[in-house]
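Please view the sequence and the structure before reading on.

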Amino acid sequence: FHKPPHPSREELHAAKRRQALLTVGAVTSMITLYVLAIQSPKQSLDSSLPHPPIQPGAPIILTTEEEKRAGVELVPSGTTSVPDFPKHLEIEGKEHTLVGLGIRTVYVVGLYASTSDLPTLSTHLLQHAAPSGATSTTVSERDSLRTLLLSPERNEEIFTALLKDAHISTALRIVPTRNTDFSHLRDGWVRSITARAKRGGVYEDPGWAAALDDFKRLFGGRGSVPKKKTLLLVRDGEGKLTCWYDPDGRGDGKLGSKTVRLGDIGDYRVGLALWLGYLAGEKVASVPARESVVEGLVELVGRPVGSVV
């Protein structure tokens, strides 16, 4: 048998170069495929935005003038069943900023606070985070505030005082994940309100039953609320509750021409009990929503008072 001739030094170098190029090409292809695989369609669509999409639960209360000029800002709702939430709402000439949002089985709920009231909100929270009178907080102080706002033993007191004494305007934006009706939504809210009222306190008053009946009548006989349509429950600085329904389900944060004002509830305790059902106590209507709201509030006190307006 004849042995094949040994390759020359030049041939060996050429073979090694080819092997190196093939290896680099294979690795590059794998990296490209991996990047394409992990990049969601949403990220691709939003690549032209000045910042990546903000995920539910992330601090979303801060904004810049550049972002405002860019147009309507949207925050992912956390589910494909509901469109993205506008970062800002305009309600009767007053801008509200999204603090946090989360899902509750049949709908996604977002809590907004009046943008002009954010400094007041921050000052109120700073009393618990940094009682020394500071205008912003350290990391450890923010961690302590987060613990307080999530503590069933403390958050009832903190959120009750905030809603009663801070005189800030807030709003709940409700968007169903599937077709439902006003009666179903109302019954869930009434159960939550009634459970809290049984604890007594400010609810031990002959006028309480009448106020709750007014709230029930507000939603009675109104029929269905289709998937992706919008309910707005707005609580002003004095505690008056105003309810709106948008049959168009607008996503630009504005009240459209078809938006219906369902009515008002003057007794501050109705809105107080309803809001606390989302924010305070051991069991809340939506754990993801409360966690998201708490993160937004913690982020708010991380900046100097007034810097978020």
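How many aromatic pairs does the structure hold? In this predicted model, there are 6 aromatic pairs.

## Aromatic pairs

A pair of aromatic rings is described by the distance of the centres and the angle of the planes. Tryptophan 189 and phenylalanine 219 form a tilted pair, with 5.5 Å from centre to centre and 55 degrees between the planes. Because tryptophan 189 belongs to helix α7 and phenylalanine 219 to helix α8, this pair ties together parts that are 30 residues apart in sequence. Tryptophan 189 is buried, at a relative accessible area of 3%, and phenylalanine 219 is likewise buried, at 0%.

The planes of tyrosine 203 and tryptophan 208 stand at 65 degrees, with the ring centres 5.0 Å apart, so this pair is edge-to-face. Tyrosine 203 and tryptophan 208 are both buried. Ring pairs also link Phe182, Trp189, Phe215, Phe219 and Tyr245 into a cluster.

## Strand β6

## Neighbouring strands

Strand β5 (residues 107-114) runs antiparallel to β6 and is joined to it by 7 bridges. Here leucine 111 has leucine 172 as its bridge partner. Strand β9 (residues 230-235) also pairs with β6 in the antiparallel sense, over 5 bridges, and valine 234 of β9 stands opposite alanine 171.

Technical notes: Residues numbered from 1 in each chain as written. Predicted model: local features only at pLDDT ≥ 70, side-chain atom pairs only at ≥ 80, totals over all residues. Heavy atoms only, no water. Pairing = 2+ DSSP bridges. Helix = DSSP H or I, 4+ residues; strand = E, 2+ residues; numbered from the N terminus. Phe/Tyr/Trp six-rings, centres within 6.5 Å; stacked < 30°, edge-to-face > 60°. Buried < 20%, exposed > 50% of the residue type's maximum accessible area, 1.4 Å probe, protein only.
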